[in-house]
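Here is a brief report on one protein chain. Look over the sequence and the model first.

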Amino acid sequence: VQLQASGGGLVQAGESLRLSCAASGSMLNIYDMLWYRQAPGKRRELVATITSGDNTNYADSVKGRFTISRDNSKGTVYLQMINLKPEDTAVYYCNARIRTADAGTLPYWGQGTLVTVSS
């Protein structure tokens, strides 16, 4: 199983970006899908979560600006980010709990995509 994240880039404050993360491989089920971020010199933090039932949760710092969604037919999770701020600058990582026939249910990480917001 692999998670491939994409969509990062350099934007100005107030602009928008949409991140994608696609799961591939032999999977039986995808449960929770999450986005984390890690800013330079800081610990990785949880940004948003979406369950298999489409329940969502957000960090207080992104509520009202970020929206997490998923397309189960594509095994893909998205993070729509609007009104970006310089403090949103970070490497964004996707994570998903995935069940496979060989390994059971495990967490998998994407490779990270860099979001840079200039003031």
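## Burial

A residue counts as buried when its relative accessible area is under 20%. Cys94, at 0% relative accessibility, is therefore buried. Cys21 is buried too, with a relative accessible area of 1%. Across the protein chain, 40% of the 119 residues are buried. The model behind these values is predicted.

## The disulfide

How many disulfides does the count come to? The count is 1 disulfide. The bond joins Cys21 to Cys94, with an S to S distance of 2.0 Å. The link is right-handed, with 55 degrees about the S-S bond.

Cys21 sits in strand E3 (residues 17-24) and Cys94 in strand E9 (residues 90-100), so the pair ties together parts that are 73 residues apart in sequence.

## Fold and dimensions

The protein chain has 11 strands and 0 helices. From the N terminus on, the elements read β-β-β-β-β-β-β-β-β-β-β. Among contacts with a separation of 6 or more, 54% come from residues 24 or more positions apart.

The radius of gyration of the protein chain is 14 Å, which agrees with the value near 14 Å for a compact globule of 119 residues. The C-alpha trace spans about 45 × 25 × 25 Å along its principal axes.

## Surface and charge

The accessible surface of the protein chain is about 6300 Å². Carbon and sulfur atoms hold 46% of that surface. The protein chain carries 12 positive and 9 negative charges.

How values were computed:
Residues numbered from 1 in each chain as written. Predicted model: local features only at pLDDT ≥ 70, side-chain atom pairs only at ≥ 80, totals over all residues. Heavy atoms only, no water. Helix = DSSP H or I, 4+ residues; strand = E, 2+ residues; numbered from the N terminus. Rg over C-alpha atoms; globule rule 2.2 N^0.38 Å. Buried < 20%, exposed > 50% of the residue type's maximum accessible area, 1.4 Å probe, protein only. Contact = heavy atoms within 4.5 Å. Areas by Shrake-Rupley, 256 points an atom, 1.4 Å probe, with all protein chains shown as cover. Lys, Arg positive; Asp, Glu negative; His and termini not counted. Charge placed at Lys NZ, Arg CZ, Asp CG, Glu CD. Disulfide = S-S within 2.5 Å.
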